[in-house]
Each structure stands twice: as C-alpha cells, then as structure tokens.
Amino acid sequence: MTDGTDRPNSPQPDPAPGSGGYGFPPQTPNPYQSGPAQGQPAGGGFGPPPAQPEEPFHSPVTAPMASPTTPDWQAMADATEAQQRKRRRLTIGIGALALVLVAGGAGFFVLNGSDDDPKDPPAVAASDSPSASGGPTSKGPDGSKNPEDDSPTVPGEPNLLRDRNGKMGIALGPGASLGELANRTEVRFKGAADSYAQGAEAAVDVTKSFTVSTRAYNVSESGPRMAVSQGDGDSYSFELGFEVVGGKKAWVFRVQTGDKGQAATAQQVVADNVDTTRQWALLTGTYDAEKKTIALWVDDKQAGQAQVSGVWAGPGPLQLGRARHHGIWSASWMGPLDHIRIFDQALGQEQITGLKNNKLGKTKPTHSWLI
C-alpha cells in the first residue's frame with residue numbers, strides 16, 4: 001500500500017496484544033477491516049480464523065482401503081528374458097558385421113598395397129596406366145579403374161612426370177611447372193636456364209629407327225627454342241623445336257651425324273611456311289635407320305625429309321625444354337608442352353594421322369607423358 005506517491009510502505013511494528021488492529025486502541029473499530037463485526041475476530045480481518053468443524057475420524061479397522069493389484073511376476077520375468085535375448089542377438093550381429101568389414105578392408109589393402117610405399121617402383125604403376133595412345137588399363141580387385149590411372153605424375157612424386165607406357169619418369173626442374181586444364185595437364189616452361197625437365201636415362205636408341213613427338217605451344221619470336229632433345233656432354237643427338245632459319249621462323253628437327261656431335265655434321269628438316277607462334281602444333285620427327293632418312297611432320301603434314309649417314313649416339317638422357325649445344329645447356333623452351341611420345345619405329349603417313357587423332361590402333365609408344 002502506498003501513501004499517494006511511489007514510495008513503498010515503511011515496515012510497521014506488530015500490533016500489541018488486545019489492540020484493535022494496527023495502531024488502533026482496544027475495541028476501536030478499524031476502518032480498514034472488513035467483516036461482520038468491526039473490531040471482533042469473525043472469519044475476516046486480522047483476528048484468528050473461525051473454528052472449523054472437525055472431520056470424522058475413521059478407525060483403521062473400519063476405514064475403507066483400496067487393494068492394490070498384484071503384479072504378474074512371471075510375465076515380467078518373461079519380458080525381461082526376451083529383451084535380453086534380443087540384445088544378445090543384436091550384439092552378436094554387430095560383432096559379426098565388424099569382423100567382415102575389417103577382414104574385407106585388410107584384404108583390399110593387401111591386394112592394392114599402399115600408394116605411399118617408397119618400395120613400390122613408379123614404373124609398375126606407369127606401365128599399367130591407360131592412355132589415349134592405347135596403353136593397358138589398371139584394374140582394382142572389383143574390376144573398377146584405379147584412381148591413379150589418370151594422374152600425370154608418379155603417386156607421391158608431384159614433380160615427376162609419369163611414363164604411361166614405359167618405365168621412365170621425367171623430373172621437373174625448378175623453373176618448370178604443371179598446368180591443370182579442363183581435361184588434360186601440360187608442363188610449362190618460362191624460357192629460363194632452370195626451366196626444363198630431364199629423364200633418368202636415354203629414351204631413344206638413336207642407332208635404330210625412332211619417332212619423337214609432342215604438342216607444342218611457342219610464345220617466343222626468337223630462337224632457338226627446343227621442346228624435346230636427347231644428348232649430353234658436348235652436344236645433342238637430336239632436337240625438335242623452333243628456330244629462326246634464313247630469317248624465317250620455322251619448326252625444326254635436327255640430328256647430329258658425326259663423332260662427338262660436331263656442329264658441321266648436323267642435318268635438319270625445317271617447316272618455315274606455317275605459323276609457329278602462339279599456335280598449338282603437333283611436332284613429330286622420325287628417323288628411318290634402314291633408309292637413313294629423317295623427316296619432320298607438322299600436325300599430320302610432312303614438311304620434308306633429308307638423307308643422313310646416321311645419328312650420333314650421345315651419352316645423355318632425354319630432355320624437355322632445352323638442348324645441349326657446344327657443351328652447355330641452351331635453347332630454353334618458352335610455353336607449354338603435352339602429349340609427349342616416343343616410338344621405336346619410324347611412323348608413316350597413316351600412323352602420323354592416327355597420332356594426331358589419338359587413334360593409333362595397334363601402334364604403341366615405348367614411352368608417353370602427359371597424354
């Protein structure tokens with residue numbers, strides 16, 4: 001109760017015994033007390049409550065008592081036993097399923113092995129890989145294709161190009177990188193001394209017939225720029241790429257014929273009547289050991305051929321993006337390459353057309369990368 005302001009009531013002392021209420025004299029009507037008799041304790045007000053009639057007492061003997069229903073102990077025991085049997089069956093079933101899954105996973109691991117096992121030679125995975133050039137397909141235990149079949153690199157070696165038809169990886173130099181496109185991967189070179197890729201060994205026996213091919217995209221206006229070569233020491237055995245010949249930009253396939261790769265004994269075939277800059281071109285060089293001829297193909301058109309006495313067998317490995325000239329590395333490629341393939345035969349017109357269309361039939365490369 002408030003006194004007309006928002007201030008709350010202050011605590012009041014308890015009424016004295018026999019008084020007529022809070023602050024009123026004895027037997028004085030309390031104007032704030034309701035009830036039939038002011039100042040008298042009669043049900044309302046502040047007096048003691050009126051006496052209530054006592055409820056009748058029922059004797060424990062005569063008082064009515066509800067009889068509880070006796071539980072069916074046998075039925076409860078049967079239900080408990082049924083639940084326990086159900087739990088046991090469920091536990092046994094889950095355990096059996098777990099054993100089957102563990103055994104199946106272990107069998108799959110044994111059959112497939114670990115991709116990261118350093119003892120697994122990269123050549124095993126590479127030789128079983130599918131490719132557009134007709135390589136075999138590696139299958140899993142369920143007949144499905146293994147995920148690494150489409151990888152352009154050796155599993156666990158992101159800088160080692162995977163040989164999809166042979167057993168030779170190609171390691172990227174510091175300045176070379178891979179580019180991922182919608183449906184293929186290319187290796188990119190920036191035209192610097194550290195921008196190259198090198199095989200572990202020679203990929204071509206140049207004393208016998210062979211074919212070397214790559215799709216090339218050249219961004220340089222000046223040369224030389226060699227896409228693929230083989231050789232070391234003093235010089236190259238062969239090189240395939242771009243050069244300015246007689247003042248004209250040209251594709252070129254060149255071989256060394258003399259001992260120790262002397263420059264005076266080099267023979268070449270050029271194509272200077274086609275666009276060589278910022279255009280994709282399939283470059284293919286062939287050597288026919290029986291006919292002693294070399295030939296250059298651009299896409300599926302032969303640019304020409306030349307007679308040679310043979311090809312000097314240089315001691316070095318396969319190179320991408322550079323060539324050996326006069327004892328030093330030079331002719332750094334500028335641009336991307338892909339579809340790099342080596343054959344142990346000199347391909348003819350029909351096979352070159354199949355090479356361009358990725359329909360080689362029974363003709364298989366001995367090595368292939370980025371297909």
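Biologist: What makes the charged end of Arg 322 count as sitting over the ring of Trp 329?

Modeller: In this predicted model, the charged end of Arg 322 is 3.9 Å from the centre of the Trp 329 ring. The cut-off is 6 Å from the ring centre, together with an angle within 35 degrees of the ring normal. Arg 215 lies over the face of Trp 280, at 4.3 Å from the ring centre.

Biologist: Why is the pair of Phe 238 and Phe 253 called tilted?

Modeller: The structure holds five aromatic pairs. In the pair of Phe 238 and Phe 253, the ring centres are 6.4 Å apart and the planes meet at 50°. Rings pair if their centres lie within 6.5 Å, and planes under 30 degrees apart count as stacked, over 60 as edge-to-face and the rest as tilted. The angle of 50° belongs to the remaining class, so the pair is tilted. This pair links distant parts of the chain, with Phe 238 in strand S9 (residues 235-245) and Phe 253 in strand S10 (residues 248-256), 15 residues apart.

Biologist: What makes the pair of Phe 242 and Trp 251 edge-to-face?

Modeller: The centres of Phe 242 and Trp 251 are 6.2 Å apart, and their planes stand at 75°. An angle over 60 degrees counts as edge-to-face, so the pair takes that name. Phe 242 and Trp 251 are both buried.

Biologist: Which residues form one aromatic cluster with Phe 238?

Modeller: Phe 210, Phe 253 and Tyr 287 form one aromatic cluster with Phe 238. Phe 238 and Phe 253 are buried. Phe 238, Trp 251, Phe 253 and Trp 369 have the most contacts inside the largest nonpolar core, which has 42 residues. Another core, of eight residues, lies apart from it and includes Leu 282 and Trp 297. In soluble globular proteins, nonpolar side chains tend to be buried together.

Biologist: Which residues does Phe 238 touch, leaving aside those up to four places away in sequence?

Modeller: Among them are Val 204, Phe 210, Val 228, Phe 253 and Leu 318. Val 255 in S10 is the bridge partner of Phe 238.

Biologist: How do you know that S8 and S9 pair?

Modeller: Two strands pair if at least two bridges are found between them. Seven bridges join S8 to S9, so the two strands pair, and they run antiparallel. Ser 229 stands opposite Glu 239 in S9. S8 and S9 form a hairpin with two residues between them, and Gly 233 in the turn has a positive phi of about 70°. On S15 (residues 318-320), S8 pairs over three bridges, again in the antiparallel sense, and Val 228 stands opposite Leu 320. S9 and S10 are joined by eight bridges and run antiparallel.

Biologist: Why are S1 and S11 (266-271) called edge strands?

Modeller: The open sheet of nine strands has the order S1-S2-S3-S6-S15-S8-S9-S10-S11, with antiparallel pairing. S1 and S11 are its edge strands, and each pairs on one side only.

Biologist: Why is Val 154 called buried?

Modeller: Val 154 is found in strand S1 (residues 153-154). Its relative accessible area is 5%. The cut-off for buried is under 20%, so Val 154 is buried. In strand S8 (residues 225-232), seven of the eight residues are buried, so the strand is mostly covered.

Technical notes
Residues are numbered from 1 along each chain as its sequence is written. This is a predicted model: local features need pLDDT of at least 70, side-chain atom pairs count only at pLDDT 80 or more; totals for chains, interfaces and linings use all residues. Side-chain values use heavy atoms; hydrogens and water are left out. Rings of Phe, Tyr and Trp (its six-membered ring) pair if their centres lie within 6.5 Å; planes under 30 degrees apart count as stacked, over 60 as edge-to-face and the rest as tilted. Helices (H or I, at least four residues) and strands (E, at least two) are DSSP runs, numbered from the N terminus. Buried means under 20% relative accessible area, exposed over 50%, partly exposed in between (1.4 Å probe, protein chains only). A nonpolar core is a set of buried Ala, Val, Leu, Ile, Met, Phe, Trp, Tyr and Cys residues joined through side-chain atoms within 4.5 Å. Contact means heavy atoms within 4.5 Å.
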